[in-house]
Amino acid sequence: MIIEYLISALGLGALYALLTIGVALLFGVLGLMNFAYGEIILAAAFALYFFREQPWFFAVIMAVVFAVVVAVLSERLAFHPLRGADPVTLMIASFAVSLALQSVARMTVLPRAQGVPPESFLSQRVDLLGARVSVLDLLTFVLCGTVLAAVAYVMGRTSLGVQLRAAAENFQMAEALGVKGNRVIASAFVIAGVLAGIGAVVFVARQGAVSAEMGLQPMLVGVIGAVLGGMSSLRGAALGGFILGVGTATLEALLPSSLIAFRDAFLFTALIAVLVVRPQGLLSGSKVRVS
Amino acid sequence: MTANFDSPSVLSMHDAGVHFDGVKAVDGVSLSVSRGEVLGLIGPNGSGKTTTLNLLSGMLRPTVGAVMLDDSDLSRLSMRKRVHAGVVRTYQSGRVFERLTVFENVEVAALGAGLRRGAARAAARSTLTQLGLDDVADLPADSLTAGRIRTTAIARALAAQPRFLLLDEPAAGQNETEAVQLIESIRGFAREHGIGVLLVEHDMPVVMGTCDRLHVLDSGRTVIEGEPQRVRKDPQVIEIYFGKRA
Amino acid sequence: MDLVIDDLYVQYGSSVMAVQGASLNVRDGELVALIGQNGAGKSTLMKAVMGWVGPHSGSVMIDGAAVNDRKFSHLKRGVSFVPEDRGIFSSLTVGENLRLGGVTRRDKKALDADIERELERFPVLRKYWGRGASLLSGGEQQQLAIARAMMLNPRLLLLDEPTLGLAPIIVDLIFDVIEQLRAEGVTILLVEQNAVRSIEVADRTYVLQAPGRVIGSGTAAELSASPAVVEYLGFEPNDSGKAAS
Amino acid sequence: ACGGNSGSSDEADEIVIGFATSESGNMAPFDVEPQQAAMLRIDQLNEEGGIGGKTIRAITRDVRSSPETVGTAATELIGEGIDLLVTPCDFDLSAPGASVAQSAEIPAVSICAGDPKMADRTTLGDFVFSANAGSDVEGGTGAAWAADQGWETAYVLQDESIEYTKSAGAYFQATFEELGGEIVGADAFPGGDSVNIASQAARLRGLSPQPDFVYVASWNPGGATAIRQLRESGVEVPIVGPAALDGQVLLDIVGDASNIYYTGFACYNYCSGADSEDLDAFVSAYADEYGSEPTSAYAVLGYSMVSAFAEALADVDELDGPAVRDALAEGEPVDTPVGEVTYFSPTCHKIIDFPMSVINVDGGAMTFVTQQRLDSVPDLGDGNACAG
Amino acid sequence: MTTQVLVRLRTPLLLCAIAGVVAVAGLAGGPTVERVAVLALISIVFVTGLSTFSANSGIMSFGHVAFMALGAYTAAFLTIPVPLKGTLFSQLPEPMSFLRELQSSFVVAVVVGGLVAAVLGLITAPGIARLSGLQSGIATLAVLMVTYNVLSSWTSVTRGSSSMIGIPQATTLWSGLGFAVAAIIVAWAYQSSRSGLQLRASREDYWASVASGVSVGRHRATAWVLSAFLCGAAGALYASFITSFNVSVFFLSTTFSFIVMVVLGGYLSLSGAVLGAVGVSLLQEVLRRFQDGQFTGGSALPAGVADLMLAALLLVVLIKFPLGLMGSGELGQRGRQQQTDEVEPQPEGASA
Ligand SMILES: Nc1ncnc2c1ncn2[C@@H]1O[C@H](COP(=O)(O)OP(=O)(O)OP(=O)(O)O)[C@@H](O)[C@H]1O
Ligand SMILES: Nc1ncnc2c1ncn2[C@@H]1O[C@H](COP(=O)(O)OP(=O)(O)OP(=O)(O)O)[C@@H](O)[C@H]1O
Ligand SMILES: [Mg+2]
Ligand SMILES: [Mg+2]
């Protein structure tokens, strides 16, 4: 029981961390709290549904492609013209993008929820310390770790990360120094798209369902996890997402069934408490001097 | 304006220090400003002037030492409480309330100092007149030129009923004439209301012409304190700060 | 490098016309100063040279090419700019800021050497190499901004109040650097509040009056010949300083 | 859909039905197909000469899944002189429209709301109806069928997200106990779009002995996900659920899982074994009209609803509100593609004796098991007007 | 001096006049338009409440619909006829059973609805006072999440996800107008008060306001509680108009549609909020009719086009006016409205 709980909590934590990194990436560098992140996930999920008859691996690749295309398109059409606008404006714009994508999806390809049949090797279980652990949980874990490491490497160790942060902070100055601002910012959306795609693969494998509204939940997880963990630090965001996931799973395991309906109330009260005690999030990002 | 003359008379810092990631930005500095005098704080870039000002104003808490107002310890008080005690600062970068009018900018500070509405309006009006901002009173602050934005920031600090005013490079970005004019009006204001001024500035004509005393910092430590003319001739200060041209 | 500004008008939004009919030129290898009171339009003019604000009318040409042309690249022409708000990237470290100055350069060895040269010049940058740039003091940031602009090995250098917030000793250093660059043949346009000193070092000086009009230009002697300029400046420029140095 | 031709035509030889339903927004999936099926039936009836000689004219308004718009649309439709208002498939969305109709004394019929309150004349008023059986009937029918299988112990997995699922669970439980069964355990999960029932599944698996079956009181897609996760975590006993699990999406989500049953409204296209000519005819007529077959059995409810109108209004001359209401409440049995159904009664404005189709999901296929009717709804003391 | 006061009074007068126009349009336009007008007036009450907090503090709140929910539930408890309450709330826990006997007039219900919401505001105020920026936005969202979750799960008291029904219809065009005018006056009075001014200063620059002696937390909390009251009152008005409601109304989609109103008009401006509420209500109705084909002679647009157009419009407005139509200005006041001046033209070469 305990081991099973642990595995499921860690699995959910890893999934949430995966979802959070993408939101935190765009926020950390562009100051964009992207509510349309859910619809990028939706695009990937739709690809998984659309190509459900094809080999799984192919569907996964298409999912990432779809997510990247939607992410980059949203940048071109909405966020590019709003470069340098204040964070609230950006956030509301992302919300408009989210609404638009959702209604397009509903009007065209996803008027109602659709199922994606389980991929048999993912739903298999292996015995680990006497507990039955699903391949999916293990995969989520590995993916989350790899993705976090890869993104941290790109953002922290490569010149792209530096150029990206520079272009986001002061576009003109960065361009004057030779940074290809537009290209670099678009690449942030590509990375966010890839992350959303991978997140969607895991999410859909767990839920099996694809619907026009499905982006809401992962988006909320991403946004809340990112704020909880500390907005401009990727590690913090991953930690925030992870804690959110483990917290959710723990509440489901511990709450008596008469109280289980109040799971979210407990969770969000805890969130408020954490924020009040540590407004900057668990791991705060870079400090900025006031002068 | 109701300057309260029987209130505290000296703002001081005793062996105060603060460090960031191992760098001692301010390291055992003691200084004091009395009501009615202008103390100049100078030193090379990065010597800890702004940090000293942060310690005095409550933006930072000293890791060692204390900030005192006469005999009471301010070290643990928040910036806001220190404003109420009469210690008011400006920022190096102005920081006006851009979308409020110039009048409102100044009125806020008067309200923040605890004045009632009518008194705050009156205080704001007289401060604006003294600093020559009457004609722009009803304009949003962000439509002003850089120089007037800076003046607005100073007017705001004056309206907060300071007994001690901490100014961080108020003359930066002004040409000589403008700078001297600005400082003169501050000086006049300070004299009139008995305000102690701590002035951080790199503009030498301004510093030499305004300050009663100079306090020189280097690497967070006091180098010398004294008469402007004496400090100006100090070989160590010339070496680290003024340079050969001086 | 030749910079020619001809009858330039620049407008912010729909109401503020910050520059109205300014014409000036900087010839190859020249050090030209631009002075004027707050709000005269000096910074706006600089931004127009960078193409950051579009001309309402008139033109800005560098070596005969219009800067607001789509194909014009300041980078390829070797134009480097230190803006008045410094343009430091506060989310990057000091080192990252400096390296970003040379982001387009392929000659990594030479870039490292240039970085080394600036670190020698401004030791404080070496001290704080790995620290967040926004944590630096005002003057330290200004040094970083200047050092970064040098990473491009500019042929035309635009300096907007490079000595803002610097201690006198560093101001001297900056003026030394400026003269050294001029000696190397770099074309420089310098905006300064310190009018006396700018006129002193510059080959020629333009005096700008709000809203962005040139009211006089030339050497110190030529400027003092114009009563309007003398009245505006509040002092009579002379060449004495320059002769001395 | 039919446009709003509001041209004045001769009142006497026309029955005007207003549809204030969701064609867009998140509730649209529940309304679109039943409404299309209803339009299909209207066309058929008009071709056969209308109802009692009167042609039926439909006016539609998209309420965009928003309760405020339902009220506005209802007001507008009543202003255009409709005789009967059709409201969305959901009680909460219907209620504002129904209240408007109630005050105008125009009967309002929800196209398929499953909430027992929709049928209660004392809650929204006596002009309000639902053309569906309701979650109470569904829960009860599931229990009755399970009891018929000889299963004695049940475990309830309750989805807490909406009233429908709560009420289905409660009525399942009450009926099953009334029929002599025993509830050996119950657990709950919050439901919604993101379902993770690992710990609930672990608790259930730890039970020894295992119950005879599990009742999953949930809806799609969360319910299907829950079932998938139950099976993946190794719960092997039969699973029973209500009609909201119906649809192709259930098959897709649970994949190859087996031993799953639910009480649906009908078994057609994606389901086999019902062998009903009437249903086949309905499906092919629907496909002819709209280019694709219906994706859930809710569609047939819309179709049958219009048949019920026709049955009730055949002999009514004066189409004023109270007359229409009384005619509807008379409770004549109606022929529908799934069999004979009594729609309304003077005390209960919905269907009790609905012949629910028990459908088995096994290895990626759905097969018809049997039809099951409930005799009566147990009284839980919650004021359900149709109980007892 | 007096002329200055008159100038300042122009804003609330103009805004009240706008509310008046809405009411008159409702009066003249027949029952359907009347419904839309009443809903628009209720929206005005809500957005003035939201804007009391958001416009002055600069913090976008996602949580105010929680206050609306409390107001609506309070109105339900106070105005549903006692006999019906007996059946609706048969499972009410003992300490709360007095609610079953309670009965009050409409106006009392609206005021008490506001007060109950203000109590939630008070409870959450210490947290809100401490937080800035997006953290604060997320905290307000958390307030909504908790409220929604409790309302939809505490079945014995709130009837859970089951609808509240049988609320007597009491909100009319006139009472709607009355409350809208009252809300506008309250919001405007707060904005011009010393607390409002100091809060706006903190919105412009937190650290500068602290350095001016402003206790940001206290003013934030004040605005938060006051706005909770107004939004609670809006909730009670809503309940008394729609007569039955379900908890699912008080969640994200409603939150977002109010935010669209506030942002379109200008989220830093009270006038912006009011104009946004009226404009979006009108637009929604026009789009609805468009989609039903009422303007195009019966040929209906595909379902969902209305949502899409609303989203597209929001985006276009934001790109043209990043701070909404009013920017941070107010109707009838001199000075800037939308400040596009700040946006320097992109160098053409940059986008190549
Ligand atoms: N928050 C901080 N984190 C890290 N280092 C800091 C911080 N604040 C100041 N410092 C460092 O402390 C030293 C003193 O900084 P300070 O701003 O007080 O200098 P200053 O004397 O005001 O210089 P300037 O004349 O350039 O404004 C600098 O080297 C600066 O980098
Ligand atoms: N972004 C802007 N939007 C609107 N007006 C502006 C903007 N930037 C500058 N201005 C106005 O344009 C005029 C010229 O400004 P500019 O910054 O070029 O002056 P300056 O000569 O550099 O002054 P300073 O010595 O203070 O730096 C001023 O009146 C200023 O208020
Ligand atoms: Mg400093
Ligand atoms: Mg300038």
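## A site between chains

Residues from which chains surround ligand 2? In this predicted model, the surrounding residues come from chains B, C and E, so the site is shared between chains.

## The shell around ligand 2

Ligand 2 is surrounded by 17 residues, and the closest are C:G39, C:G41, C:K42, C:S43 and C:T44. Helix 1 of chain C supplies the largest share of this shell, three residues.

## Polar contacts and cover

Chain C provides contacts to oxygen atoms of ligand 2 through both backbone and side-chain atoms. A polar backbone atom of C:G41 is 2.8 Å from one oxygen atom of the ligand. For C:T44, a polar side-chain atom lies 2.3 Å from an oxygen atom of ligand 2, and for C:E84 the corresponding distance from a polar side-chain atom is 3.0 Å. On its own, ligand 2 has 630 Å² of accessible area, of which the protein covers 81%.

## The magnesium ion

Two residues of chain C coordinate the magnesium ion (ligand 4): C:S43 through OG and C:E84 through OE, at 1.8 to 2.3 Å. C:S43 belongs to helix 1 (residues 42-50), whereas C:E84 is in the loop between strand 6 (79-82) and helix 2 (94-100), so the pair ties together parts of chain C that are 41 residues apart in sequence.

Are these two residues buried or exposed? C:S43 has a relative accessible area of 12% and is therefore buried, under the limit of 20%. C:E84, at 36% relative accessibility, counts as partly exposed.

Definitions and conventions
Residues are numbered from 1 along each chain as its sequence is written. Chains are lettered from A and ligands numbered from 1 in the order in which they are written. This is a predicted model: local features need pLDDT of at least 70, side-chain atom pairs count only at pLDDT 80 or more; totals for chains, interfaces and linings use all residues. Side-chain values use heavy atoms; hydrogens and water are left out. Donors are N, O and S atoms within 2.8 Å of the metal (3.2 Å for Na, K and Ca); water is not among the atoms, so sites may look incomplete. Helices (H or I, at least four residues) and strands (E, at least two) are DSSP runs, numbered from the N terminus. Buried means under 20% relative accessible area, exposed over 50%, partly exposed in between (1.4 Å probe, protein chains only). A residue is near a molecule or strand if one of its heavy atoms lies within 4 Å of it. A polar contact is a pair of N or O atoms within 3.5 Å; within protein, one must be able to donate a hydrogen and the other to accept it, and residues adjacent in sequence count only if both atoms are side-chain atoms. Accessible areas come from the Shrake-Rupley method with a 1.4 Å probe; for residues, only the protein chains shown count as cover.
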